Amino acid sequence: MGMLHPRDALHPATLAPRPAAGRRQVLGGLAAALAGLPLAAPALAQAQPLRIGMITSLSGPFTALGESMRAGMQLLLAQSGNRLAGRPVEFLVEDDQARPEEGARRARKLIGQDRVDLLCGVISSGVALALRDVVTEARTPTFLLGSANDLARKAASPYIVRPTKTNWMLGSTAARWAREKLGGARVLTVASDYAAGREYVGDFVETYRQLGGRPGRTLWTPLGSADFGPLLTTIAAERPEAVYGFFAGSDAVRFLRQWQEYRLAGRVPLIGPGAFFDQEDVLPAVGDAALGAFSTFHQSPTAPASAAFNRAYMATGKPLPGEFSTTGYVCGQVIRALLERTGGTLADWEAARAALFGAPVETAFGTMPFDPRNGQAILDIHVNAVRRGEDGRMVNTVVHTYPQLRDPGPDA
Amino acid sequence: MGYAIVQVLNALSFSALLLLTGLGLSVVLSLMNFVNLAHGAFYLLGSYVAVLWLASGAPWWLAFPAAFLAAALAGALLERFPFRRFYARPHLMQVLLTYGISVILADLMRWGFGAQILTPELPAALRGVVFLFDMPFPLYRLFLIGVGAVLGLLLWLLLDRTLWGAALRAAVTDRGIVETLGIDTRRLFAAVLVLSAGLGGLSGALGAGMLAAYPGLDEEVLILALITVVVGGLGSFGGTVAGALVVGFALTFSKVWFPEFANVVAFSAMAGFLLLRPHGFVAPPLRQV
Amino acid sequence: MRRALLSRAAPMAAALLALALPAALAGPFHLRFLAEILLLGTAVMSLDLLVGSGGLVSLGHAALFGTAAYAAAVAALHLGGNLLLVLGAGTGAALLLAALMGVAIMRSSHLFLLILTLLLGQIAWEVAFHWRAVTGGADGLRGLPPLSLGPWRLDGPRALFLLAGGLALAAHALARSFVAAPIGRALVGAREQPLRMSALGYSTARIRLRAMLAAGGIAGAAGSLYPFLNLYVGPQSVHWSLSATMIIMLVIGGVGSLWGAFLGSAVYLALQTYVSAYTDRWQLFVGVIFVLIVLLLPHGLAGAAARWRRG
């Protein structure tokens, strides 16, 4: 199977040919006609379907992550009976292929042609940054799930809400953990040479040095390396006391397996941001190569807040959830909370935003307040250790939590 | 000392992988003058078959023939239609056709095997490690180097030292004459393509232990194999071996000496090589295409 | 005489109508989408000069397009979005790179050329990807100032569409005159009979260099406007996969037909944008259509249209 019809996957109501623009126009005309009747307006808002557009990677390097994100959101919509705050939901998914220009075109299509009420999604930070001006100019409320620091800083926008982490939150907490547990040991850093790797390692090294630790040599390697043998031999020759590293997706799988093959696993402590050891994307493919590694992450399948989601997600035949399935679900939870607080209308975004930021939202990431300066979530950051679970599988297990981390935001 | 030896072995093991993937590509290119950009798809199919085979609990060493057969079967089907019609067409049309086929195969595989990253469970016999002057080197990579050398030798013997190979080389030079000798050249060419596809699958099975298997890997491997074959000089046998060594060492030692700029350095080295020798390492006799 | 004039004027009028109609009727999304089709189509058309006339299949064309895009974006960030400045900076950068590539491919041919251009293009990509201070690295550059010409701001979708349309028309005229000029004939000659051409005293290398410069200039002009569609430029616009996409567009439209390039980019982008909203299997769909075209319409849609018109 897998031939999911993305926009119809969850709501049989639209399995019939898509409601053509005709019905919307009729409704729009009705709305205009009734605009003079204040009493009728809320009732109409109740009946009118809410269109949510998601932009995510369904091809290209982040395919598996994109599919997870979509599945998380679909789960939340299914649990809500495809109604949020009483309004039926139409969920439209577009594939950005992890290319910024592609993502921008899809966003314009969702906004201009499909007339969505709000947008969400995005894995690649490049796509997220390209969308920033598109959605801001169109004044479309958008829940952006990329994690570049700039999204909470220079590129923050009043139309963007960020119910996920920034890279700084993970890099700086990893440095605090390393300082506390390793006593300032000489930590070698190694990462894929692109924006995310630079931010994680940069924030780690900066914080680690501030705390009095001794960062060792930094090694960069091109994104998408076929062979980590030469790099691992170099690391083995450096004899570091610990390694902080970041790779994602196929790079992470190859690095960790070869980390074990070159007998570094178990001998050199390995720390990284959670995506390096993602529960869904990476851990199932690396056997016990990551056993004993530590990561800092806003997501953990063993965090109490995630328990209900874990059960529901696994009941759909999926594995223990990782970052992006949880993020998709949390994004849905935040959208649901927003709509419930506004009675289902987004007509006044200023007020809706204030309502959302006025009180924390209960999510699978835990209690989530927002920073009103930049719309950035304030998150609990867990330290996860990769441990063997009851059934022998590797599980990211919470061993410590840094509560309520707030990105420096525009001040940074 | 140990460091230098292990880095050389790293380069050799990567070269062996490049050789395995490049050989399949260069066989059809040199013998049939056919550019097959679907070769990466054969590789990835072999990887998936090997991963599933090794997870099934069947005898592990059978995973390699299984991958060979699966890819060879795919090659045989595609040879019947549409590859056969394109053997006499210009390279550009071959490139376009086989690229289109590779896009289709890639999406079919994503449909069938999913988008998750899969890795093989290597047998205990291959999971060991040897220490050279205190530096660890995985046994699996020694295995790769050995298999690469043996397979290369076997292929060379087959094409260069058997009657079948002689008929094949003759058919390339003058198809008409060979036909008058009563040899069915169409079957000969079909056999070469099937062999090439099988080699692609086999290299995928062997490479899975190093590169894993996931959508998009087909393209990455194809590009590396193409560069290998082209740097080697379009498919003379010795040329492909030389190409694999040049590319393997360039990619490895650029990572050793300039990890941050590894790709730029390696690409520049290869481009520079092609500037100095525009027809690759072993220049083939000029042919009109 | 009159018929000749008419046969010249008719396509021109059709092209102008094709630009005027959407400008009057289409919504903002479609206008911007059409502008993207026109800009990519212009780049594909310039690639057709190399492939269609010269038989030089380059996998590095996106490097010319993307380098122009970055140069234009950087110029706009520092000096403002004046249209002429942006076009000049982008086209100039692309010409420079085209000259380098032209020199590099002088002695190369066939598959060697394909791989050499791939390597050169990827070196350009690595530079764009790693020169963070200037290019923004993997995240690209955002927050560009909108295009302007004197007192007019050219940032609305209609203005962008008309700008792209004007550029496409001008580029098409230029490409046509290149193909018809002696240099264009010489390029075909160098492809078909390189030996005879050099015996006649032509320098294949110089012919190729000039073809590369013409293609680079046109691709560069298109590339310099590309960032202003979304006020963003990222490394994907330099990557070889965009070069491969351009070749696919070229084949769908028809190798050797200049206007087919626009048709090809329109068909490809429309397929990809609309089919993928309905199924995850859109790549399968695009792949099948592409293979069918290679099998059944070796001269692309434009070739099929020409044959159909001739009866």
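**Notebook: chains A, B and C**

I began with the overall size of chain B. For 289 residues, a compact globule would have a radius of gyration near 19 Å, and chain B has 19 Å, so the two agree. I note here that the model is predicted. I then took the extents of the C-alpha trace of chain B along its principal axes, which are about 65 × 50 × 35 Å. Buried residues account for 54% of the 289 residues in chain B.

**Chain B, elements**

I counted the secondary structure next. Chain B holds 11 helices and two strands. Read from the N terminus, the order is α-α-α-α-β-β-α-α-α-α-α-α-α.

Phe81(B) and Pro82(B) are joined by a cis peptide bond, with omega about 5 degrees. Pro82(B) sits in the loop between helix H3 (63-80) and H4 of chain B.

I then looked at phi. Asn33(B) has a positive value near 55 degrees, and Asn33(B) is not a glycine. Where does Asn33(B) lie? Asn33(B) is in the loop between helix H1 (2-32) and helix H2 (39-56) of chain B. I checked the surroundings of Asn33(B) too. Asn33(B) has 16 C-beta neighbours inside 10 Å, so Asn33(B) counts as partly exposed.

**Chain B against chain C**

I turned to the contact between these two chains. Chain B puts 30 residues in contact with 26 residues of chain C. Which helices of chain B each supply at least two residues of the side that touches chain C? They are helix H4 (91-113), helix H9 (217-232) and helix H11 (262-276) of chain B. H4(B) has the largest share of that side, with 12 residues. I sorted the side of chain B that touches chain C by class, and got 23 nonpolar, six polar and one charged residues.

**Chain A against chain B**

**Chain A, domains**

I noted the division of chain A into domain 1 (12-165 + 305-377) and domain 2 (168-297 + 380-411). Their C-alpha centres lie 31 Å apart. The contact between them takes 22 residues from domain 1 of chain A and 20 residues from domain 2 of chain A. On the domain 1 side, H3 and helix H11 (323-342) of chain A each supply at least two residues. H3(A) gives the most to that side, with three residues. I sorted the side of domain 1 of chain A that touches domain 2 by class, and got nine nonpolar, eight polar and five charged residues.

**Chain C, recorded spans**

I checked the UniProt record for chain C. The unreviewed entry places the feature "transmembrane region" at residues 59-77, 83-104, 111-131, 209-229, 241-270 and 282-306 of chain C. I compared two of these spans with the model. Residues 83-104 of chain C are 100% helix and 0% strand, and the end C-alpha atoms lie 31 Å apart. Residues 111-131 of chain C are 95% helix and 0% strand, with the end C-alpha atoms 30 Å apart.

**Chain C, two residues**

Leu231(C) came up in the phi check. The value for Leu231(C) is near 55 degrees, positive in a residue other than glycine. Leu231(C) is in the loop between helix H11 (227-230) and strand E4 (232-233) of chain C. Is Leu231(C) buried or exposed? Leu231(C) has 23 other C-beta atoms within 10 Å, so Leu231(C) is buried.

Last, I looked up Ile183(C), which is in helix H8 (residues 182-192) of chain C. Ile183(C) counts as partly exposed because Ile183(C) has 16 C-beta neighbours inside 10 Å. Setting aside neighbours within four places in sequence, I find Ile183(C) in contact with Phe178(C), Ile207(C) and Arg210(C). From Ile183(C) to Ala211(C) the separation is 28 residues in sequence and 8.0 Å in space, C-alpha to C-alpha.

Terms used: Residues are numbered from 1 along each chain as its sequence is written. Chains are lettered from A and ligands numbered from 1 in the order in which they are written. This is a predicted model: local features need pLDDT of at least 70, side-chain atom pairs count only at pLDDT 80 or more; totals for chains, interfaces and linings use all residues. Two residues are in contact if their C-beta atoms, placed from the backbone, lie within 7 Å. Helices (H or I, at least four residues) and strands (E, at least two) are DSSP runs, numbered from the N terminus. Ala, Val, Leu, Ile, Met, Phe, Trp, Tyr, Cys and Pro count as nonpolar, Asp, Glu, Lys and Arg as charged, and the others, Gly among them, as polar. A residue is buried if 20 or more other C-beta atoms lie within 10 Å of its own, exposed if 12 or fewer, and partly exposed in between; C-beta atoms are placed from the backbone. UniProt positions are given in the numbering used here, feature names are shortened, and annotations may be inferred rather than shown by experiment. The radius of gyration is taken over C-alpha atoms; the globule rule is 2.2 Å times the number of residues to the power 0.38. Domain bounds come from an automatic or database domain assignment.
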